[in-house]
Amino acid sequence: MNTATQAPVAKATVASDLSLGDLRAAFVAGWIDFKTHPVFGLFFASIYALAGIFLSYALLVWGEYFWIVLAAAGFPLLAPFTAVGLYEVSRRREAGIAMSWKAVLGALRGHGDEQIMSMGVILFVAFGFWLLVAHGVLAIFMAEVGAGTTHIAFFSTGPGLAMLFVGSIIGGLMALAFYAITVISLPMLVDREVDFITAIIVSLATVRSNKLILLAWAIFIAITLFIAMIPMFIGLFIVLPVLGHATWHLYKRAVSHPEP
């Protein structure tokens, strides 16, 4: 990379010249990683998909139809943490290191310093916070149509449509904020022995230096994950691992580190 398109940030150098070609190259590399080691991708995708299926089924049984919509909207917030093992697969393949379940599953421990687990806690808290905020928005608009309105009928009313509009804006802003702090930080924590605050700083700097390109990547991730979740989460078995591997390659393109 040209030094003119780099900026030093917290023990790392962040590129500011990412392009759509880089996104395409990362996606292709992610697809190759998945094809080369599909068992790992299918394993992590199955955990994520089965969790979504179980949550949806439980809410259906309890008759909590609104919560299904809210949970489905916030569920992608947890995807980056699910992809940690995929980052390790890509890292080992790139470095020519033999694959092992122990090493890949152990990626969640990071470098023995609990930094990745700390990020996981942040993401789960974010998911819980989204549910609280979304339920508050829902309650406000539901009050306008009265308690007698059925769950399905509500979405065809004026307040129901307004709720979807407002909720989408709030959810989108929250998702974008957490995307900005995780898109680079989680791969970096797998790759390097740094604290999660430093990793977040680098992630935010990368997004700030490549706003339009990484916004395009965020939109692409959101759309593909949403489409993959529609047929009972089945599409996630392909989409999640490919996106996870691709994000690793995007991180490697965007961030360089000084030689030890």
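Buried here means under 20% relative accessible area, exposed means over 50%, and partly exposed covers what lies in between (1.4 Å probe, protein chains only). The model is a predicted one, so local features need pLDDT of at least 70 and side-chain atom pairs count only at pLDDT 80 or more, while totals for chains, interfaces and linings use all residues. Residues are numbered from 1 along each chain as its sequence is written, and side-chain values use heavy atoms, with hydrogens and water left out.

Overall, the protein has 13 helices and 3 strands, taken as DSSP runs numbered from the N terminus (helices: H or I, at least four residues; strands: E, at least two). Of the 260 residues, 45% are buried. The exposed surface comes to about 12,600 Å², with carbon and sulfur atoms supplying 73% of it; areas come from the Shrake-Rupley method with a 1.4 Å probe, and for residues only the protein chains shown count as cover.

On the aromatic side, the whole structure holds 7 aromatic pairs. Rings of Phe, Tyr and Trp (its six-membered ring) pair if their centres lie within 6.5 Å, with planes under 30 degrees apart called stacked, over 60 edge-to-face and the rest tilted. W217 and F220 make a stacked pair, 5.7 Å centre to centre with 25° between the planes. Both sit in helix α12 (residues 211-229), 3 residues apart, or about one turn of the helix. W217 is buried at 2% relative accessible area, whereas F220 is partly exposed at 33%. W248 and Y251 pair up too, this time tilted, at 5.4 Å and 55°. They also lie 3 residues apart, in helix α13 (residues 236-254), and here W248 is buried at 0% and Y251 is buried at 1%. Elsewhere, F40, F43, F44 and W101 form one aromatic cluster.

A nonpolar patch of about 810 Å² is built from L176, L212, L215, I219, I223, F226, I227 and I230, and α12 gives the largest share, 6 residues. Patches take residues with over 30% relative accessible area and no salt bridge, joining like charges within 9 Å and nonpolar side chains (Val, Leu, Ile, Met, Phe, Trp, Tyr) within 5 Å. I230 lies in the loop between α12 and α13 and is exposed at 57%.

Then there is helix α5 (residues 84-95), whose 12 residues reach 17 Å from first C-alpha to last, close to the 16 Å expected at 1.5 Å a residue; the expected span is 1.5 Å times one less than the number of residues. Its buried residues include Y87, E88 and R92. G96 follows the helix with a positive phi, near 75°.

Salt bridges (a side-chain nitrogen of Lys or Arg within 4 Å of a carboxyl oxygen of Asp or Glu) number 8 in the whole structure. K252 bridges to E94, with the closest N and O atoms 4.0 Å apart. K252 lies in α13 and E94 in α5, so this pair ties together parts 158 residues apart in sequence. D191 and R192 form another bridge, at 3.6 Å, and E94, D191, R192 and K252 are linked in a network of salt bridges.
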